[in-house]
Amino acid sequence: MIEVVVEDRCNGCGDCVQACPSDVLRMGADGRAVIAHQADCQTCLLCELYCTTDALFVWPQVDRVVGLSAEQALASGQLGAFRRDHGWGEHTTTHTNQHWRMGAIFERARLLAVETAAAKTARPEDIR
Ligand code: SF4
Ligand code: SF4
């Protein structure tokens with residue numbers, strides 16, 4: 001789930017807004033990205049990949065908001081780690097793509113989707 005935009009790092013490029021497939025992010029009145037629809041986040045981390053200033057922090061918890069602050073995100077040392085470990089941008093020559101690390105996140109998202117779909121289609125007579 002997207003947790004926070006570190007305002008001081010955002011240059012207002014808008015790339016994260018364009019990249020987000022779930023329309024979670026918006027440009028705020030101050031010209032910086034804001035989280036507008038947090039609950040719609042699917043934890044795909046595309047926004048982190050496209051943010052060249054490492055201003056966004058997505059936590060690999062797919063079903064709830066943890067509530068991390070910008071200070072906690074900065075202190076974690078993980079800002080930009082996902083983009084770096086995928087060998088994007090300036091990391092192209094120093095890091096190979098570590099896409100395989102997404103496996104656990106994809107699996108958790110898949111199980112959550114199956115669970116949600118089952119709950120939506122469950123008929124009263126199926127519940128004992
Ligand atoms: S991609 Fe990064 S720098 Fe650009 S608007 Fe989004 S948060 Fe700000
Ligand atoms: S993790 Fe994916 S769905 Fe969530 S805000 Fe970023 S781009 Fe959008």
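Q: Which classes of residue make up the shell around ligand 2?
A: Nonpolar means Ala, Val, Leu, Ile, Met, Phe, Trp, Tyr, Cys and Pro; charged means Asp, Glu, Lys and Arg; the others, Gly among them, are polar. Around ligand 2 there are 12 nonpolar, three polar and no charged residues. This is a predicted model: local features need pLDDT of at least 70, side-chain atom pairs count only at pLDDT 80 or more, and totals for chains, interfaces and linings use all residues. Residues are numbered from 1 along each chain as its sequence is written, while chains are lettered from A and ligands numbered from 1 in the order in which they are written.

Q: Which residues come nearest to ligand 2?
A: A residue is near a molecule if its C-beta atom, placed from the backbone, lies within 6 Å of it. Ligand 2 has 15 such residues, with Cys 20, Val 24, Cys 41, Cys 44 and Cys 47 nearest.

Q: What pattern does the protein follow along the sequence?
A: Helices (H or I, at least four residues) and strands (E, at least two) are DSSP runs, numbered from the N terminus. Here the order is β-α-β-β-α-β-α-α-α. That gives five helices and four strands.

Q: With which residues is Ile 2 in contact, beyond its neighbours within four places in sequence?
A: Contact means C-beta atoms, placed from the backbone, within 7 Å. Ile 2 touches Val 24, Ile 35, Gln 38, Cys 41, Cys 47, Leu 56 and Val 58.

Conventions:
Contact = placed C-beta atoms within 7 Å.
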